[in-house]
Every structure is written in C-alpha cells, then in structure tokens.
Amino acid sequence: MLRPTVLVDPSEVEFSAVRAQGAGGQNVNKVSSAVHLRFDIPASSLPDDVKARLLNARDSRITHEGVLVIKAQRHRSQDMNRTDAMARLQELVDAVATPPRVRRPTKPSYGAKQRRLEGKSQRSEIKSLRRPVRD
C-alpha cells in the first residue's frame, strides 16, 4: 500500500548546533557537531488532519506549545546530523500521514457459536463423568 507523501518544508525547520554527548577525544569540548531540529507543528504548512495526528501523538519530543524537538548526534559531522534529523522528522510525518483505519465491530459467525457451545458441552460431559457414580 502506498502512503500519501506529505513533504516537510525545510524553511519551516529551525536548526541549532550543540555539543554532542559521549566520548569524542580532544574535539568533544570544542566542536558543536550535534544538531537540535525545532519544528513548530501548529504554524507549519502541513494539512490540518496531519497536524492534529502529530499533536495527539504520545511523543516526549513534542512540547506543550506543539514544537517538535529532535536531537541528532549519530554522526561526527554537523551536516550529516542535520540530514539525519530531517530524515527522522520526515519519517515521523509519514507515519501519521495515513489516517488510522476505522474499526468496525464484528460478530462471531453462527458456525463459530455452534463450535464453541459444542466444545463446552463436551467438556461438561467429561467433567460429569469424573463424579462418583450414584445408585
């Protein structure tokens, strides 16, 4: 099944460089290679239904104001981290682009009901045969 593509406008995304965590040798305290991506969901040009599903998503990266913050620090270069953050944002938007399917309640078929009752009666018969015999 093809997913509808909703592209994120790069001009609506704000990047800021921060220092990455973890081991890094001599450069760890000098180079800001990690990237914080900030995406304001309510002010974006995404369709309203996609915005609503994004805001309703239980994601700790979304603030109370509706700003999505993604920290990318997988790579050693800032440019690659920026590309990684954009890819993760697009992946998140693609995940909510498709509306969830509506669940229609179903009922068990007549045959399924009969099989269930037959199994219950067989089990009842087995248990009744375990009782002591009465004269």
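## Model and elements

Helices (H or I, at least four residues) and strands (E, at least two) are DSSP runs, numbered from the N terminus. This is a predicted model, where local features need pLDDT of at least 70, side-chain atom pairs count only at pLDDT 80 or more, and totals for chains, interfaces and linings use all residues. Residues are numbered from 1 along each chain as its sequence is written, and side-chain values use heavy atoms, with hydrogens and water left out.

## Strand pairing

Strand E2 pairs with two others. E1 and E2 run antiparallel and share six bridges. E2 and E3 are also antiparallel, again over six bridges. Two strands count as paired if DSSP finds at least two bridges between them.

Individual partners can be named. Val-18 has Ala-34 of E2 as its bridge partner. Val-35 faces Ala-72 in E3. Leu-37 stands opposite Ile-70, also in E3. E3 is mostly covered, with five of its six residues buried. Buried means under 20% relative accessible area, exposed over 50%, and partly exposed in between (1.4 Å probe, protein chains only).

## Nonpolar core

The largest nonpolar core has 19 residues. Such a core is a set of buried Ala, Val, Leu, Ile, Met, Phe, Trp, Tyr and Cys residues joined through side-chain atoms within 4.5 Å. The members that touch the most others are Leu-37, Phe-39, Leu-46, Leu-54, Leu-68, Leu-89 and Val-93. H2 supplies the largest share, six residues. In soluble globular proteins, nonpolar side chains tend to be buried together.

Phe-39 shows the packing in detail. Setting aside residues up to four places away in sequence, Phe-39 touches Val-8, Glu-12, Val-13, Ser-44, Leu-46, Gly-66, Val-67, Leu-68 and Leu-89. Contact here means heavy atoms within 4.5 Å.

## Salt bridges

The model has four salt bridges. The rule asks for a side-chain nitrogen of Lys or Arg within 4 Å of a carboxyl oxygen of Asp or Glu. In one of them, Arg-53 and Asp-49 meet at 3.5 Å, N to O. The two residues lie four apart in helix H1, so about one helical turn separates them. Asp-49 is partly exposed, at 42% relative accessible area. Another bridge joins Arg-61 to Asp-59 at 2.8 Å, N to O. Arg-61 is partly exposed, at 30% relative accessibility.

Arg-74 also bridges to Asp-84, with the closest N and O atoms 3.4 Å apart. This pair links distant parts of the chain: Arg-74 sits in the loop between E3 and H2, while Asp-84 is in helix H2, 10 residues apart. Arg-74 is exposed, at 60% relative accessibility. Asp-84 is buried, at 11%. Salt bridges with shared partners tie Arg-74, Asp-84 and Arg-88 into one network.

## Lys-51, a buried charge

Lys-51 belongs to helix H1. Lys-51 is buried but forms no salt bridge. The nearest side chain of opposite charge is Asp-48, 4.0 Å away.

The backbone oxygen of Pro-42 lies 3.2 Å from a polar atom of the Lys-51 side chain. Beyond neighbours within four places in sequence, Lys-51 contacts Ile-41, Pro-42, Ser-44 and Leu-46.

Gln-78 is located in helix H2. Gln-78 counts as partly exposed, at 28% relative accessibility. Leaving out neighbours within four places in sequence, Gln-78 is in contact with Ala-17, Ser-32, Ser-33 and Val-35. Gln-78 and Leu-37 are 41 residues apart in sequence and 12 Å apart in space, C-alpha to C-alpha.

Thr-5 lies in the segment before strand E1 (13–18). Thr-5 is exposed, at 68% relative accessibility. Thr-5 and Met-86 are 81 residues apart along the chain, and their C-alpha atoms are separated by 15 Å.

Technical notes:
Lys and Arg count as positive and Asp and Glu as negative; His and the chain ends are not counted. A polar contact is a pair of N or O atoms within 3.5 Å; within protein, one must be able to donate a hydrogen and the other to accept it, and residues adjacent in sequence count only if both atoms are side-chain atoms.
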